[in-house]
Amino acid sequence: MANEQQRDPDYERRRRIAAKRRRERERRRKIAMIKRAVVFGVLLVIMLVLVVVAINLIKKDKKHDNGGSITNTESLVDGTDSGTSDGQEATAEPEPAIPVGDLNAPEGSKDEVMASAYKMYAQYDYDNALAKLLAYEDQTDPDIIKMIADVNGAKSSCVAVDVNTVPHIFFHSLINDNRAFIVTDQVTEGRVTANNAAMATVDEFNHVINQMYEAGFVMIALDDMVIRNGDGSFTPNNNIMLPQGKKAFIMSEDDLSYYHSYGEKGVQGYADRLVIDENGKVKCEYYNQAGERLIGDYDMVPLIDSFIEAHPDFAYHDARPTVALTGYNGVLGYITNNYYCEGPESENLGTAQKNFLLSHPDWNFDQDCAEARKIAEAMKANGWTFASHTYGHLNA
């Protein structure tokens with residue numbers, strides 16, 4: 001070997017080059033190992049984040065399945081307090097032992113008592129919920145005992161609403177599709193402008209209601225805000241009690257007359273009238289863009305009823321909004337004005353009113369009045385109240 005080194009003067013140079021190459025290969029190997037470790041670490045972190053997100057989604061879904069909040073988590077307000085003293089976020093109320101039952105079960109049975117008391121409990125009507133539970137024949141029943149304790153606990157943690165700070169939100173009749181916003185032979189540019197300026201769509205309405213529910217708003221009735229005294233005067237009602245963080249509000253709908261200017265059979269995406277469906281519920285008659293007549297939730301009245309049915313804790317003592325009516329084009333989608341009976345030649349009728357009579361020669365005044373009364377009575381039985389928006393929509 002020594003002789004070979006002596007015969008080859010480049011041996012040492014080649015040896016150094018070979019050693020350098022080995023060191024370079026080792027360096028690249030270590031770099032590759034570090035890169036793989038980094039990639040593995042990043043993937044592990046991503047997997048952990050996905051697991052946490054999945055667990056939270058599962059918990060949220062379970063909350064929804066148990067009658068909790070809706071999917072939209074945005075807040076409608078910027079923390080404005082409208083009924084509680086400290087503006088804290090809504091706290092979770094204790095769940096009764098059996099938050100189910102059957103409202104249609106025989107009166108006085110455990111199923112009926114539990115279901116009725118739970119609805120009252122959910123709607124902050126604690127005194128009546130306790131009265132219902134305490135009237136049950138078996139006061140040793142553990143489910144009854146548990147619910148009584150839960151109701152008492154919820155009641156004791158409530159705070160009084162300051163009715164001087166309760167906000168009011170109102171809507172006009174709602175638009176169901178884009179026909180109201182496109183100028184056509186049947187929809188004038190003026191109507192498009194008016195629809196954009198003063199109306200909301202069903203999607204917008206649903207979005208607002210979901211946001212309010214998520215933000216802890218609770219609907220109270222207009223009459224809840226005052227105490228009627230025997231002499232006809234009113235005083236503020238300081239006895240509205242809600243859980244910490246809940247915010248009382250009132251709601252109303254203006255007009256609800258389905259004016260002639262809205263067109264008929266859904267030409268602008270409005271419903272045509274309110275009707276009572278086969279289940280005795282107030283719904284809307286609506287014609288979609290295919291010309292099909294549909295019965296369902298196409299305006300504020302049935303939308304709110306359905307929302308409260310699914311989320312009873314949105315309504316204090318099962319409250320409903322107030323409808324502020326005009327009358328010059330009828331009410332609730334029915335022509336209830338006796339001067340229409342004078343016929344299309346009458347000087348007391350405007351152009352739109354005359355055109356209605358000409359296009360509806362079979363219109364029957366008594367029949368429309370009877371239908372409007374049925375709708376109004378069904379709404380009042382469900383908690384809706386009515387107010388005057390002035391007969392001719394005049395500024396009072």
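User: Which residues in helix 3 and helix 5 meet each other?

Analyst: Lys110, Val113, Met114, Ala117, Tyr118 and Tyr121 in helix 3 meet Asp143, Ile144, Met147, Asp150, Val151 and Ala154 in helix 5. Contact here means heavy atoms within 4.5 Å. A word on the ground rules: this is a predicted model, in which local features need pLDDT of at least 70 and side-chain atom pairs count only at pLDDT 80 or more, while totals for chains, interfaces and linings use all residues. Residues are numbered from 1 along each chain as its sequence is written, and side-chain values use heavy atoms, with hydrogens and water left out.

User: What makes helix 3 and helix 5 roughly parallel?

Analyst: Their axes cross at roughly 10 degrees and come within 11 Å. Axes are lines fitted to C-alpha atoms, for helices over the stretch in contact, with angles from 0 to 180 degrees between N-to-C directions. Angles under 35 degrees count as roughly parallel, over 145 as roughly antiparallel, 65 to 115 as roughly perpendicular and the rest as oblique. Helix 3 and helix 5 are therefore roughly parallel to each other.

User: How are helices defined, and how do you know that the span of helix 5 agrees with its number of residues?

Analyst: Helices (H or I, at least four residues) and strands (E, at least two) are DSSP runs, numbered from the N terminus. The expected span is 1.5 Å times one less than the number of residues. For the 15 residues of helix 5 (residues 142-156) that gives 21 Å, and the end C-alpha atoms are 21 Å apart, so the two agree.

User: Why do we say that the buried residues of helix 5 line one face?

Analyst: Buried means under 20% relative accessible area, exposed over 50% and partly exposed in between (1.4 Å probe, protein chains only). In helix 5 the buried residues are Asp143, Ile144, Met147, Ile148, Asp150, Val151 and Ala154. Seen down the axis, they fall within an arc of 165 degrees, so they line one face of helix 5. That arc is taken over the directions from the helix axis to the C-beta atoms. Pro142 and Ser156 are exposed on the other side of helix 5. The buried residues pack against helix 3 (110-122) and helix 4 (126-134).

User: What makes the link between Asp318 and Gln123 a polar contact?

Analyst: A polar contact is a pair of N or O atoms within 3.5 Å; within protein, one must be able to donate a hydrogen and the other to accept it, and residues adjacent in sequence count only if both atoms are side-chain atoms. The side chains of Asp318 and Gln123 make such a contact at 3.1 Å. Another polar contact of 3.1 Å joins the side chains of Asp318 and Arg320.

User: Where does Asp318 lie, and why is Asp318 called partly exposed?

Analyst: Asp318 lies in the loop between helix 8 (300-310) and strand 11 (322-325). At 22% relative accessibility, Asp318 counts as partly exposed.
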